[in-house]
Amino acid sequence: MNISSITSDISGCVFDIREFSLFDGPGVRTSVFLKGCPLRCVWCHNPEGLNALPEILFSISKCIHCGSCKDVCPLRGNDKCLVCGKCASACPSQARRVCGRFITPMELLNEVLKSQPVFEISNGGVTFTGGEPLMQIDFVVETAKLLHDKGVSVAVETSGYSSAETYQKLLDVVDFIFQDVKHTDDAMHKRYTGVSNKPILANLELLKTSGKTFVVRASLIPTVNDSQENLLSLAEKLLDADNLQGVELLPYHSSSGGKYSLLNLTPPMTFQEKTFGDEVLEPFRKHGLPVRLL
Ligand code: SF4
Ligand code: SF4
């Protein structure tokens, strides 16, 4: 679903805006987290980004059982939540909060421009992440144009799961891309993310010929995608990419599943944490590709 199409004007659904990020692209950046993702990676650490629409998060450990939320709820908590936010406003202990809000490109521009002096000093900018920014491509494109008009650079972190046409729209406006690759084997990709990797690998080929600077990011999930075979296969797909700045490998942390309880969900799967060493870098180094373990 393209969220922009369900509102009268273009708007995006954003669930977080974080300033002063040092890990989401060049310089100091403001990261904008967009709601909605077509993948269901079993290790996802941002489950509040999966649903494309606003929703209520509930922290049972903060709840003091005062009943105020039920008193104000137009549905008395008995039907499908309207996400009106009345319970969150009434909650005295911040146990409930609305996750996600609609915002226009101009409103987002005005929010992020607060950090423009920092962007200028550090050669930073704005990074769209999520969730999956490609699900809100019209919003990303419009906001990126406004940011460029103000001299602000735009980066995107994406799964790359979209049609070629949508991905090309992104390439046309973005300055820098973090391209995630979950698995190079299609059957394994389907098993652990719920979707085929074919559109992603096809879009990776578009990216390689686009001239846009990019970094490949790969989460290392023990027993899923940390084999030498998979890492070597990924390295081989990057050999002819002159615009590749490097590969970043992100080890799995089981603590990242903590947010699921806020959505009354349990993490789909958990894995044994593992300490990775040079063995995961070697498949890239042997081909002369810049790589680092984060
Ligand atoms: S968001 Fe509104 S409808 Fe949903 S539970 Fe809270 S008060 Fe009720
Ligand atoms: S208003 Fe907040 S503290 Fe009171 S019962 Fe509802 S969630 Fe719990």
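Q: Does Ser21 count as buried or exposed?
A: This is a predicted model, in which local features need pLDDT of at least 70 and side-chain atom pairs count only at pLDDT 80 or more, while totals for chains, interfaces and linings use all residues. Residues are numbered from 1 along each chain as its sequence is written, chains are lettered from A and ligands numbered from 1 in the order in which they are written, and side-chain values use heavy atoms, with hydrogens and water left out. Buried means under 20% relative accessible area, exposed over 50%, and partly exposed in between (1.4 Å probe, protein chains only). Ser21 has a relative accessibility of 13%, so Ser21 counts as buried.

Q: In which strand is Ser21 found?
A: Helices (H or I, at least four residues) and strands (E, at least two) are DSSP runs, numbered from the N terminus. Ser21 belongs to the strand of residues 12-21, which is β1.

Q: Which side chain does the side chain of Ser21 join in a polar contact?
A: A polar contact is a pair of N or O atoms within 3.5 Å; within protein, one must be able to donate a hydrogen and the other to accept it, and residues adjacent in sequence count only if both atoms are side-chain atoms. At 3.0 Å, the side chain of Ser21 has such a partner in Asp24.

Q: Which residue has a backbone oxygen reached by the side chain of Thr127?
A: Thr127 is in strand β6 (residues 125-130) and counts as buried at 1% relative accessibility. Contact means heavy atoms within 4.5 Å, and, not counting residues up to four places away in sequence, those touched by Thr127 include Arg29, Ser31 and Val156. The side chain of Thr127 reaches, at 2.5 Å, the backbone oxygen of Asp24.

Q: How are α5 and α6 oriented to each other, roughly parallel or roughly antiparallel?
A: Axes are lines fitted to C-alpha atoms, for helices over the stretch in contact, and angles run from 0 to 180 degrees between N-to-C directions. Angles under 35 degrees count as roughly parallel, over 145 as roughly antiparallel, 65 to 115 as roughly perpendicular and the rest as oblique. Helix α5 (residues 137-149) and helix α6 (residues 164-173) have axes 9 Å apart and pack at about 10°. The two helices, α5 and α6, are therefore roughly parallel.

Q: How many nonpolar residues are in the contact of α5 with α6?
A: Residues of α5 including Val140, Ala144 and His148 meet residues of α6 including Lys169 and Leu170. Ala, Val, Leu, Ile, Met, Phe, Trp, Tyr, Cys and Pro count as nonpolar, Asp, Glu, Lys and Arg as charged, and the others, Gly among them, as polar. By class, this contact has two charged, two polar and, for nonpolar, six.

Q: How many charged residues are in the shell around ligand 1?
A: A residue is near a molecule if one of its heavy atoms lies within 4 Å of it. Among the residues surrounding ligand 1 are Cys73, Cys81, Cys84, Lys86 and Cys87. The shell divides into nine nonpolar, one polar and, for charged, one.

Q: What is the relative accessible area of Arg285?
A: Arg285 lies in helix α10 (residues 282-285). Leaving aside neighbours within four places in sequence, Arg285 is in contact with Asp278 and Val291. Arg285 is partly exposed because its relative accessible area is 42%.
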